[in-house]
Amino acid sequence: MFRKFAIAGVSGALIATAALAGAKKDIVDTAVGAGSFETLVAAVQAAELVDTLKGEGPFTVFAPTDEAFAALPEGTVESLLKPENKDQLVAVLTYHVVPGKVMSGDLSDDMKAATVQGGDVTIDLDNGVMVNDASVVQADIETTNGVIHVIDKVILPSS
(Lines give C-alpha, C1' and ligand atoms only; values in the text may rest on other atoms or scores of the structure.)
Protein backbone atom coordinates (compact mmCIF):
# COMPACT_ATOMS: atom_id res chain seq x y z
CA MET A 1 0.00 0.00 0.00
CA PHE A 2 2.79 2.44 0.96
CA ARG A 3 4.60 1.59 -2.27
CA LYS A 4 1.57 2.58 -4.37
CA PHE A 5 1.36 5.94 -2.57
CA ALA A 6 5.10 6.53 -2.95
CA ILE A 7 4.97 5.79 -6.69
CA ALA A 8 1.92 8.01 -7.08
CA GLY A 9 3.66 10.80 -5.16
CA VAL A 10 6.82 10.61 -7.27
CA SER A 11 4.75 10.51 -10.47
CA GLY A 12 2.76 13.53 -9.33
CA ALA A 13 5.95 15.46 -8.54
CA LEU A 14 7.40 14.66 -11.98
CA ILE A 15 4.22 15.78 -13.72
CA ALA A 16 4.16 19.03 -11.70
CA THR A 17 7.83 19.70 -12.54
CA ALA A 18 7.19 19.05 -16.23
CA ALA A 19 4.20 21.40 -16.17
CA LEU A 20 6.27 24.19 -14.60
CA ALA A 21 9.11 23.66 -17.07
CA GLY A 22 6.62 24.08 -19.92
CA ALA A 23 5.13 27.23 -18.44
CA LYS A 24 5.90 30.19 -20.67
CA LYS A 25 7.13 33.57 -19.53
CA ASP A 26 6.97 36.96 -21.22
CA ILE A 27 9.87 38.32 -23.28
CA VAL A 28 11.59 40.08 -20.37
CA ASP A 29 11.30 37.17 -17.92
CA THR A 30 12.49 34.74 -20.61
CA ALA A 31 15.55 36.92 -21.28
CA VAL A 32 16.30 37.24 -17.57
CA GLY A 33 15.96 33.48 -17.08
CA ALA A 34 18.27 32.64 -19.98
CA GLY A 35 21.27 34.20 -18.25
CA SER A 36 22.95 35.28 -21.50
CA PHE A 37 21.15 38.61 -21.93
CA GLU A 38 22.28 40.55 -18.84
CA THR A 39 23.42 43.53 -20.90
CA LEU A 40 20.22 43.56 -22.94
CA VAL A 41 18.09 43.39 -19.79
CA ALA A 42 20.10 46.22 -18.17
CA ALA A 43 19.63 48.30 -21.32
CA VAL A 44 15.89 47.61 -21.43
CA GLN A 45 15.67 48.70 -17.79
CA ALA A 46 17.72 51.88 -18.42
CA ALA A 47 15.51 52.72 -21.41
CA GLU A 48 12.38 52.15 -19.29
CA LEU A 49 11.06 49.59 -21.80
CA VAL A 50 10.42 46.75 -19.32
CA ASP A 51 6.67 47.40 -19.02
CA THR A 52 6.35 47.64 -22.80
CA LEU A 53 8.14 44.33 -23.41
CA LYS A 54 6.11 42.70 -20.63
CA GLY A 55 2.95 44.04 -22.31
CA GLU A 56 0.42 42.21 -24.41
CA GLY A 57 2.35 42.38 -27.69
CA PRO A 58 2.89 40.32 -29.63
CA PHE A 59 6.48 41.31 -30.33
CA THR A 60 9.36 39.74 -32.22
CA VAL A 61 12.68 40.53 -30.55
CA PHE A 62 16.05 40.02 -32.19
CA ALA A 63 18.00 39.66 -28.95
CA PRO A 64 21.76 40.25 -28.95
CA THR A 65 23.72 38.14 -26.47
CA ASP A 66 26.07 39.57 -23.86
CA GLU A 67 28.93 38.63 -26.20
CA ALA A 68 27.32 40.70 -28.98
CA PHE A 69 27.25 43.76 -26.73
CA ALA A 70 30.83 43.08 -25.59
CA ALA A 71 31.95 43.16 -29.25
CA LEU A 72 30.87 46.80 -29.62
CA PRO A 73 33.66 49.39 -29.46
CA GLU A 74 34.91 49.96 -25.93
CA GLY A 75 32.74 52.37 -23.97
CA THR A 76 29.71 52.10 -26.29
CA VAL A 77 27.47 50.25 -23.86
CA GLU A 78 28.47 52.43 -20.92
CA SER A 79 27.77 55.54 -22.99
CA LEU A 80 24.36 54.28 -24.13
CA LEU A 81 23.37 53.49 -20.53
CA LYS A 82 23.90 57.09 -19.39
CA PRO A 83 20.63 58.94 -18.68
CA GLU A 84 21.51 61.72 -21.12
CA ASN A 85 21.69 59.12 -23.94
CA LYS A 86 18.33 57.49 -23.21
CA ASP A 87 16.80 58.52 -26.57
CA GLN A 88 19.68 56.91 -28.46
CA LEU A 89 19.41 53.76 -26.32
CA VAL A 90 15.67 53.54 -26.95
CA ALA A 91 16.32 53.88 -30.71
CA VAL A 92 18.90 51.06 -30.67
CA LEU A 93 16.70 48.74 -28.59
CA THR A 94 13.47 49.37 -30.52
CA TYR A 95 15.39 48.70 -33.76
CA HIS A 96 15.65 45.10 -32.47
CA VAL A 97 11.85 44.78 -32.11
CA VAL A 98 9.29 44.07 -34.83
CA PRO A 99 5.57 44.33 -34.05
CA GLY A 100 3.76 41.00 -34.25
CA LYS A 101 4.95 37.44 -33.80
CA VAL A 102 7.24 36.47 -36.66
CA MET A 103 8.43 32.87 -36.49
CA SER A 104 11.36 31.63 -38.56
CA GLY A 105 8.95 29.82 -40.89
CA ASP A 106 7.36 33.19 -41.72
CA LEU A 107 10.61 34.60 -43.12
CA SER A 108 11.49 34.92 -46.78
CA ASP A 109 14.78 35.83 -48.41
CA ASP A 110 15.45 39.55 -48.78
CA MET A 111 12.27 40.53 -46.96
CA LYS A 112 12.13 43.83 -45.11
CA ALA A 113 10.57 44.09 -41.67
CA ALA A 114 9.53 47.41 -40.13
CA THR A 115 10.88 47.83 -36.61
CA VAL A 116 9.27 49.64 -33.68
CA GLN A 117 12.08 52.22 -34.04
CA GLY A 118 10.77 53.10 -37.52
CA GLY A 119 13.57 51.70 -39.66
CA ASP A 120 13.58 48.43 -41.55
CA VAL A 121 15.70 45.34 -41.04
CA THR A 122 16.53 43.05 -43.95
CA ILE A 123 16.25 39.28 -43.64
CA ASP A 124 18.75 37.26 -45.69
CA LEU A 125 18.41 33.48 -45.92
CA ASP A 126 21.33 32.77 -48.28
CA ASN A 127 23.81 31.70 -45.57
CA GLY A 128 21.63 30.80 -42.63
CA VAL A 129 19.25 33.38 -41.23
CA MET A 130 20.67 36.90 -41.09
CA VAL A 131 19.07 40.08 -39.77
CA ASN A 132 21.03 42.87 -41.43
CA ASP A 133 24.60 41.70 -40.68
CA ALA A 134 23.76 39.64 -37.57
CA SER A 135 23.34 35.86 -37.65
CA VAL A 136 20.39 34.25 -35.91
CA VAL A 137 22.01 31.70 -33.62
CA GLN A 138 18.80 30.46 -32.01
CA ALA A 139 15.32 30.99 -33.40
CA ASP A 140 11.73 30.69 -32.29
CA ILE A 141 11.96 31.00 -28.50
CA GLU A 142 8.25 31.41 -27.85
CA THR A 143 7.04 33.59 -25.00
CA THR A 144 3.59 34.53 -23.75
CA ASN A 145 3.73 37.82 -25.65
CA GLY A 146 5.79 37.01 -28.73
CA VAL A 147 9.00 35.37 -29.86
CA ILE A 148 12.74 35.86 -29.37
CA HIS A 149 15.37 35.16 -32.02
CA VAL A 150 18.90 35.25 -30.57
CA ILE A 151 21.44 37.16 -32.70
CA ASP A 152 25.23 37.37 -32.51
CA LYS A 153 25.61 41.13 -33.15
CA VAL A 154 23.96 44.33 -32.04
CA ILE A 155 22.23 45.80 -35.08
CA LEU A 156 22.24 49.58 -35.33
CA PRO A 157 19.75 51.84 -37.08
CA SER A 158 21.11 54.17 -39.72
CA SER A 159 21.74 57.61 -38.33
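Trainee: How do the residues of the lining of the second largest cavity divide into nonpolar, polar and charged?

Mentor: They divide into six nonpolar, two polar and no charged. Ala, Val, Leu, Ile, Met, Phe, Trp, Tyr, Cys and Pro count as nonpolar, Asp, Glu, Lys and Arg as charged, and the others, Gly among them, as polar. The lining consists of F62, S104, L107, V129, V131, V136, A139 and H149. Please note that this is a predicted model, in which local features need pLDDT of at least 70 and side-chain atom pairs count only at pLDDT 80 or more, while totals for chains, interfaces and linings use all residues. Residues are numbered from 1 along each chain as its sequence is written, and side-chain values use heavy atoms, with hydrogens and water left out.

Trainee: Which residues line the largest cavity?

Mentor: They are A43, F69, V77, L80, L81, L89 and V92. Helix 6 (76-80) and helix 7 each give two or more residues to this lining. By class, it has seven nonpolar, no polar and no charged residues.

Trainee: What is the volume of the largest pocket, and which residues are the closest to its centre?

Mentor: The volume is about 250 Å³. Of the 19 lining residues, V44, L53, V61, L93 and V97 are the closest to the centre. Helix 2, helix 3, helix 4, strand 1 and helix 7 each contribute two or more residues. The lining comprises 16 nonpolar, three polar and no charged residues.

Trainee: Which residues of helix 3 are called buried?

Mentor: In helix 3 (residues 38-46), these are L40, V41, A43 and V44. Buried means under 20% relative accessible area, exposed over 50%, and partly exposed in between, with a 1.4 Å probe and protein chains only. Helices (H or I, at least four residues) and strands (E, at least two) are DSSP runs, numbered from the N terminus.

Trainee: Why are the buried residues of helix 3 said to line one face?

Mentor: Seen down the axis, they fall within an arc of 160°, so they line one face of helix 3. The arc is that of the directions from the helix axis to the C-beta atoms. The face turned away from the buried side carries the exposed residues E38 and Q45.

Trainee: What puts the buried residues of helix 2 on the same side?

Mentor: The buried residues of helix 2 are I27, V28, T30 and A31. They cover an arc of only 165° around the axis, and therefore lie on the same side of helix 2. Their cover includes helix 3, helix 4, strand 1, strand 6 (134-143) and strand 7 (146-151).

Methods:
On a 1 Å grid over the protein atoms alone, a cavity is a set of points where a 1.4 Å probe fits but cannot get out, and a pocket is an open set with protein on both sides within 12 Å along at least five of seven lines; lining residues have an atom within 4 Å of a point. Grid points are joined across faces, edges and corners, and a volume is the space filled by probe spheres set on the points. Contact means heavy atoms within 4.5 Å.
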